[in-house]
Amino acid sequence: MSVRKALVFSKDEIRALKESWYVMWGDKTNNGIKMLMKLFKMHPESRAFYKEFKDLREQDMPANKRFRSLALQYMYKLTEYIDAVDDPDTLEDLMVTTCKAHHKRALGPKHFKWMGSVMTSMVKETMKSTHVKELHKTSWTKLMDALVVVATDVQKTLKEESLDKIQIPEMTGVWRSPHNSPRF
């Protein structure tokens, strides 16, 4: 899927994203904490990327100052995406910035895909079961899939750029094999 196509949302999808985000944002700190804890539960291997929490017990996470701060950072980043969901150019720029920053820490499309499953689960859990609709879940899946598409594109671009920077030393002088060198 092209990046451009992945970043275009219908009016109904935008409404569903904003509706569900409004509910999650209402308790942003606790929902951010739940989201990170859910990431660690659903994808235990993700914890390896958060070295400062390696030895932190699960029951101590909600009270940990750094963990709470990271949870809020996630929530604010998602707010940026929700605010830009009706502007594909801005949304792409925000996602590219995120993906480049994560690429430096060896995080790529697979890791953003993990967050997609977490967000779908969070929507189901956070919104009252009578109010959550399939469109809420599919809209979040689409948003997080768009992030995966952007991450894939960024990863490819960064690999190509790094290959372009590799310089092959220029050969100077005449190379002689040991078989045709002069004898002394």
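Trainee: Are Phe40 and Phe67 buried or exposed?

Mentor: In this predicted model, both Phe40 and Phe67 are buried.

Trainee: Why does Trp21 count as buried?

Mentor: Buried means under 20% relative accessible area. Trp21 has 5%, so Trp21 is buried. Trp140 counts as buried too, because its relative accessibility is 0%.

Trainee: What are the values for the pair of Phe40 and Phe67?

Mentor: Phe40 and Phe67 form a tilted pair, 6.2 Å centre to centre and 55 degrees between the planes. Phe40 is in helix α3 (residues 28-42) and Phe67 in helix α4 (residues 65-84), 27 residues apart.

Trainee: Which residues form one aromatic cluster?

Mentor: Trp21, Trp25, Tyr76 and Trp140 do.

Trainee: Where does Lys142 lie?

Mentor: Lys142 lies over the face of Phe9, 4.9 Å from the ring centre.

Trainee: How many cavities of 30 Å³ or more are there, and what lines the largest cavity?

Mentor: The count is 1 cavity, and about 30 Å³ of space lies in the largest cavity. Its lining includes Cys99, Phe112 and Val154. Helix α7 (134-165) gives the most to this lining, with 3 residues. By class, the lining has 6 nonpolar, 3 polar and no charged residues.

Notes:
Residues numbered from 1 in each chain as written. Predicted model: local features only at pLDDT ≥ 70, side-chain atom pairs only at ≥ 80, totals over all residues. Heavy atoms only, no water. 1 Å grid on protein atoms, 1.4 Å probe; cavity = no way out; pocket = protein on both sides within 12 Å on 5 of 7 lines; lining within 4 Å. Points joined across faces, edges and corners; volume = space filled by probe spheres on them. Helix = DSSP H or I, 4+ residues; strand = E, 2+ residues; numbered from the N terminus. Nonpolar A, V, L, I, M, F, W, Y, C, P; charged D, E, K, R; others polar. Buried < 20%, exposed > 50% of the residue type's maximum accessible area, 1.4 Å probe, protein only. Phe/Tyr/Trp six-rings, centres within 6.5 Å; stacked < 30°, edge-to-face > 60°. Lys NZ or Arg CZ within 6 Å of the ring centre and 35° of its normal.
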